[in-house]
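Hello,

Here is the structure I promised to pass on to you. Have a look at it first, and my notes on its charged side chains follow below.

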Amino acid sequence: MNAATLSDGGVSREIVVIGSGFAAQQLVKSLRKLDGEQPIRLITADSGDEYNKPDLSHVVSRGCAAAAMTRLSGSDFAEQQRIALVPHCPVLGIDPARRIVMTGQGEFAYGQLVLATGASAAHPEIPGSEQLVTLNSQQEYAAAEGLIQQARRIMILGAGLIGCELAMDMASAGKEVTLLDLAGSPLSALLPAALTQPLQQALRSQGVSLQFGTGLARMDAQPGDGWRVTLTDGRVSSQDLVIAAIGLKPNLALARGAGLEVESGILVDDSLQTSDPHIFALGDCVQWRGQLLPFLQPIVLGANALAKTLLGIPTPLTLPPMLVKVKTPRYPLQLAGRTQGEDLAWQCRWNSHGLVAEARAEDGELCGFVVGGDQMSAAFPLLRQLPR
């Protein structure tokens with residue numbers, strides 16, 4: 001341990017961050033804006049390269065190679081931010097009593113530790129699920145890039161945000177796409193079915209086959225090439241590739257191993273502190289006020305608040321109404337506030353190219369909204385009307 005990273009009491013002054021995704025890198029940038037001298041170490045199982053994860057939903061139509069997504073190499077990022085980077089170094093465990101991170105490359109002491117371990121793509125528990133492709137990282141896209149280029153028939157499991165974006169992107173590139181979901185409509189966790197009709201029409205106009213109310217039962221290799229796919233309703237089809245986009249599962253193994261409190265995610269308070277006073281968490285792995293927040297805006301605001309807290313200025317995370325963008329170019333959508341619930345009264349204005357739908361409570365107060373198509377400019381005036 002370098003003496004410069006020790007406090008007068010012999011305890012490490014170093015802030016150690018585990019992970020190198022958007023949350024980890026945003027936190028490093030926030031810390032550096034506030035303090036140019038604070039010792040920071042980033043430990044990651046990959047190279048630590050910086051890239052824009054939302055671009056993964058659009059790489060096929062853009063003809064973007066996995067390597068071309070890199071904005072800044074890990075070593076250049078570390079030099080730019082003046083941090084110690086430990087790449088290609090899986091963490092084996094955490095010893096909270098000694099404040100030590102254990103890795104195959106040795107032990108690293110920390111003054112404060114931040115878990116930015118992210119989340120992994122969920123897989124259905126079916127025969128053949130190990131053959132499913134996921135696109136939750138640049139590394140996963142790199143592994144599947146050749147398969148995607150060669151595939152003509154592609155099935156996508158899950159018609160949430162990522163599934164809809166992938167389906168439209170791949171159809172734009174000339175693929176034969178089937179979009180499959182157990183729910184009766186796309187974006188079912190976000191929107192009433194009626195408000196998704198224009199999006200469904202846009203997908204169908206591209207040739208996407210929408211299969212709702214059914215799931216994947218099994219995948220079997222076909223003689224020659226591709227997969228024999230059996231649905232839960234008994235139908236069978238041949239596909240060159242099947243992509244899982246059914247959601248994310250926070251990576252909790254390290255937190256559990258360290259004895260931290262976890263539920264669906266790593267439990268944190270408003271300061272993003274875990275059940276251990278020296279360990280914090282940020283990003284897709286976090287459960288804050290009973291909810292997971294796998295979106296960019298909470299990560300940016302969380303990183304800004306956490307950086308201040310780690311540097312001795314306790315700053316709770318507060319989130320304004322969050323605008324969610326569905327990046328489906330043929331019919332884009334934006335929504336914010338509460339858009340689900342039997343108690344909501346919807347006021348909708350439609351035209352042939354767009355939609356403005358306002359969700360109001362019994363007292364008439366605006367609770368949430370959805371805008372689509374050519375009405376996207378209505379989003380920000382409505383966002384300002386939502387209660388904070």
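Counting the salt bridges gives 15 in total. Please keep in mind that this is a predicted model. As a reminder of the background, side chains of opposite charge can pair when their charged atoms come close.

Are the two partners buried or exposed? Asp 284 has a relative accessible area of 16%, so this residue counts as buried, because the cut-off for buried is under 20%. Lys 53 has 29% relative accessibility and is therefore partly exposed.

Next, Asp 233 and Arg 235 make a salt bridge in which the closest N and O atoms are 2.9 Å apart. Here Asp 233 is partly exposed at 42% relative accessibility, and Arg 235 is also partly exposed, at 38%.

Glu 358 pairs with Arg 349 through their side chains, at 3.3 Å from N to O. Glu 358 is buried, with a relative accessible area of 8%.

Finally, do look at Asp 95, Arg 98 and Glu 107, which are connected by a network of salt bridges.

Notes. Residues numbered from 1 in each chain as written. Predicted model: local features only at pLDDT ≥ 70, side-chain atom pairs only at ≥ 80, totals over all residues. Heavy atoms only, no water. Salt bridge = Lys/Arg side-chain N within 4 Å of Asp/Glu carboxyl O. Buried < 20%, exposed > 50% of the residue type's maximum accessible area, 1.4 Å probe, protein only.
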